[in-house]
Structures are given as structure tokens and as C-alpha cells.
Amino acid sequence: FLHSMQDFFFQNLFGGHEMPGHQSDDDEPVDTQRFYDLLGVQKTADEKQIKKAYLKKARELHPDRHPEEQEKYQNLFQEVQRAHDTLKDPHKRQIYDRMGEKGLRGDRGMDPTSMFGGMFRQSRGPSGPSKSPDIKQTLDVTLEDLFKGSTKKIKIKLMGGGQGSSKCSKCHGEGSVTRIQRMGPVMLQQRHPCTNCQATGYKLKEKSVSIDVHIPCGAKHGEKIVCRGQGHQFPDHTPGDVIVIIRREEHSTFTRRGADLGMTQKLSLRQALCGYQLKINHVSGTVLILKSMPGEIVQPGQLKRVLSWGMPQKGSHVKGHLYIKIEVELPKTDSLNLKTIQKFREILPSDDVKIDTGSNQKKKKKPKKRRKSKSKPQRTNSEDMHGEEEFIDEVEAEDIEGEPEPTPAASRSAYNEDEEQENVQCRQM
């Protein structure tokens with residue numbers, strides 16, 4: 001038994017079979033050539049050659065130049081951006097040449113100098129450098145940017161430092177500070193991350209840089225675009241990311257709901273009755289001409305739809321629709337003379353309400369107070385409706401602007417009457 005256990009131990013130690021329940025990824029090949037191939041340069045290329053190759057590739061692979069395969073070229077464009085961001089930075093390039101993309105993600109794998117690395121990896125805790133903090137920034141874009149897709153340049157402020165950075169003067173390179181707090185007779189001593197150096201132990205420097213952010217076609221308000229490796233660059237840390245949050249500006253004509261666009265179009269009475277021809281400046285840059293059908297009469301509030309003139313959708317060639325709500329503006333008071341109004345009366349169908357003002361009806365001029373009589377009860381509404389006499393009162397309605405204003409006294413008295421009636425009913429019950 002002891003001999004078999006020794007064989008098992010040495011087989012796992014010197015490249016034999018893996019221990020049960022453990023899988024090693026140390027034998028995975030490390031690709032340190034891919035970024036160079038994306039830019040089309042040799043590993044010995046200098047910074048100028050890398051920048052020149054990047055600009056050429058960016059022009060060739062930009063998504064705006066390939067509208068039919070935008071999603072494919074968007075991914076290629078982002079890969080070329082990432083390759084350029086890595087190889088232009090000497091520190092990132094050194095990590096990539098040694099450990100590939102795996103090293104940039106902070107995953108170093110097993111230490112090849114440690115013979116017991118495969119056996120005791122779990123007891124060591126997570127390996128590889130920590131990641132620097134990310135930077136979040138909001139980017140204001142127009143509806144036209146979201147429809148067509150665009151590339152915006154933004155400025156960010158990041159904290160960083162190289163390998164030769166001096167130690168933090170506050171924590172003296174430890175990354176944490178000690179705080180002593182008295183609680184009665186007891187003295188508590190606690191360690192806290194140093195806020196001066198962001199717990200790195202090094203003196204950090206702030207610098208402003210500009211980065212390109214590609215906005216894909218059909219992106220939405222609140223969507224996040226991640227620019228990997230563009231964030232803070234702390235010493236002995238992998239670079240953080242820049243997370244750009246899209247914020248759509250309000251459009252003067254269109255509103256967006258998902259993949260659909262909506263707008264309100266005002267028509268005059270003449271256009272609603274006799275036909276219209278509209279010119280709509282679309283967010284795509286195209287001018288849309290919309291004409292009425294022969295004999296069409298537009299109703300106020302009518303909704304129309306123009307197919308496939310909404311927003312594009314990410315990952316699909318199907319576009320939304322454009323919805324147009326029609327508002328009909330009537331002529332203003334005193335804008336038409338009496339002759340014109342008479343012509344309208346002759347042309348338009350009559351829908352006036354006929355009121356019988358015969359001998360059995362009296363025209364009410366002014367309301368008069370009626371005396372109460374004990375012998376004669378007052379006539380109710382139903383009696384007025386079925387009786388022989390019916391009062392007719394001609395009233396005038398005035399024009400108001402804005403929202404109607406309530407009458408406080410009337411509303412209070414009405415509420416009081418309702419409350420009194422409820423109380424009476426409650427007492428009767």
C-alpha cells in the first residue's frame with residue numbers, strides 16, 4: 001500500500017496523471033502573436049510602426065464602411081483597438097509578450113519555477129496581479145448618432161505610475177494605514193486601505209488622455225460600452241477598463257420607443273380636407289416626402305405608420321417603424337369673414353341641433369326667484385321634461401387659455417354637502 005501511494009505521489013509530481021478532481025491549465029499554449037497579426041506588424045515593430053498600422057487597419061475595418069456587416073466589423077474594429085492599446089503601452093506589451101491575453105486579464109497561471117505549484121495552488125489563493133479600478137463616464141449622444149453609429153473622442157483622467165514610482169508618503173509603501181481608536185479603557189488598532197495611493201503603496205500621478213469610443217448602430221439610452229484596458233494603471237496591477245454610459249439627448253422632432261420612432265405632425269384645415277404633401281427630415285439624413293391619398297380626409301388624432309423607417313436593431317437587419325400622429329389646426333376666431341363661413345355652411349354637411357321654439361315653449365331670459373307655496377309643490381326635473389312647459393336658456397361660452405382653474409368655494413361647499421349627506425345616512429342606519 002505504501003509503495004503504491006509513493007508511485008501515485010511521484011507520478012503527479014513529475015508530469016504524470018493529475019490528482020483526482022483537479023484540472024491543470026498550465027499546458028495551454030500562450031498566444032503572444034495574435035495582437036501583432038491583427039495590426040499586421042512584426043514583434044520587433046516600434047511605436048511609430050504600430051501606430052501607422054493601427055490607423056490603416058482602423059480605416060479598413062471601421063463599421064461605418066461596412067453597413068451590411070456592421071456587427072462583424074464592429075467586433076473586428078474593437079479587437080484592433082484593443083491590440084493597439086496593448087502594444088503601444090510598454091508595460092502592457094511586456095506582459096503580453098510574456099503571458100499573452102491571459103496575463104492582461106490578471107491570470108498568470110502556475111509559477112513554472114515552483115515544483116509544487118500544481119499541488120498546492122488552491123492553498124495560495126488567487127494568483128496574478130490585481131486589476132486597477134475602472135473609470136465610468138457618461139457620453140451624451142444624439143438620436144442621429146444612435147441611428148447611424150459614430151465614433152466619439154472623450155477625455156478621461158486616470159491615475160497611474162510605472163514600476164519605478166516612488167513609495168507613498170502616507171503609508172510608506174504598505175498600501176494601508178493604522179488607525180487607533182479608544183473605546184473606554186480599551187485601545188482598538190485597525191488597518192485601513194490608504195486613500196492617498198488607492199492602497200497600491202506607490203505615489204500615483206494623474207494624467208489626461210483621449211480615447212475613441214465607437215457607438216454601434218441601434219445603441220440605446222443607458223447602454224454601456226466597455227473600452228478594455230483604458231482605465232487606471234496602478235503599479236503591479238493590470239489596467240482597468242473605461243465604462244462609457246450612453247445618454248441620449250432629447251430630439252426636437254422624434255421620440256424613441258424601442259426600435260420605433262414617433263412624431264407629431266400638424267396640418268391645417270385645408271390640408272386635412274383637400275390633401276397634403278409633407279417633408280420630413282429623418283434622423284438618417286434622408287428627406288421623406290409623405291403625400292395624402294386621393295380623396296383622403298384626415299381626422300384629428302389620426303395615427304399613420306411608415307414601415308421600416310424606425311431605428312436599426314443591433315444584430316439584426318430589421319428596422320422599426322415611424323409613427324406619425326396628426327393634429328388638425330382649425331382657423332382662429334375672426335380669421336374668416338362671413339362670406340367664407342357661409343360658403344362652408346353650403347359645402348359642409350349640416351349637423352346643427354334643431355330646437356323647437358313653438359307656442360308651448362317659453363324662452364327664458366333671466367332667472368327669477370320662485371316663491372314657495374305650501375299648497376302647490378314645486379315642479380321637479382322629471383315634471384319639466386314631461387310637462388307642457390319647457391324653459392330654454394341661451395348661454396355664452398368664453399375662451400380660456402391653459403388649464404381650467406377650479407372654484408374653491410363651490411368645491412368646498414359641494415364636499416361639505418356630500419359629507420353631511422353621508423353623516424345623515426350613517427345616523428339613519
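Visitor: How many bridges join strand 7 to strand 9?

Guide: First, the ground rules. This is a predicted model, where local features need pLDDT of at least 70, side-chain atom pairs count only at pLDDT 80 or more, and totals for chains, interfaces and linings use all residues. Residues are numbered from 1 along each chain as its sequence is written, and side-chain values use heavy atoms, leaving out hydrogens and water. Strands are DSSP runs of E, at least two residues, numbered from the N terminus. Two strands pair if DSSP finds at least two bridges between them. Here, four bridges join strand 7 to strand 9 (residues 242–248), and the two run antiparallel. Val-226 has Ile-243 in strand 9 as its bridge partner.

Visitor: Which order do the strands of the open sheet have?

Guide: The order is 2-9-7, three strands with mixed pairing. Strand 2 (135–141) and strand 7 (224–227) are the edges, each pairing on one side only.

Visitor: Where does a positive phi occur in the hairpin of strand 4 and strand 5?

Guide: At Gly-184, with phi near 70°; two residues lie between the strands. Strand 4 (residues 176–183) and strand 5 (residues 186–193) pair antiparallel over eight bridges. Thr-178 is partnered by Arg-191 of strand 5.

Visitor: How many disulfides are there?

Guide: A disulfide is a covalent bond between the sulfur atoms of two cysteines. The cut-off is a sulfur pair within 2.5 Å. The count is zero. For Cys-194, the nearest cysteine sulfur is that of Cys-197, 3.7 Å away.

Visitor: Is Cys-194 buried or exposed?

Guide: Buried means under 20% relative accessible area, exposed over 50%, partly exposed in between (1.4 Å probe, protein chains only). Cys-194 is buried at 2%, whereas Cys-274 is exposed at 63%.
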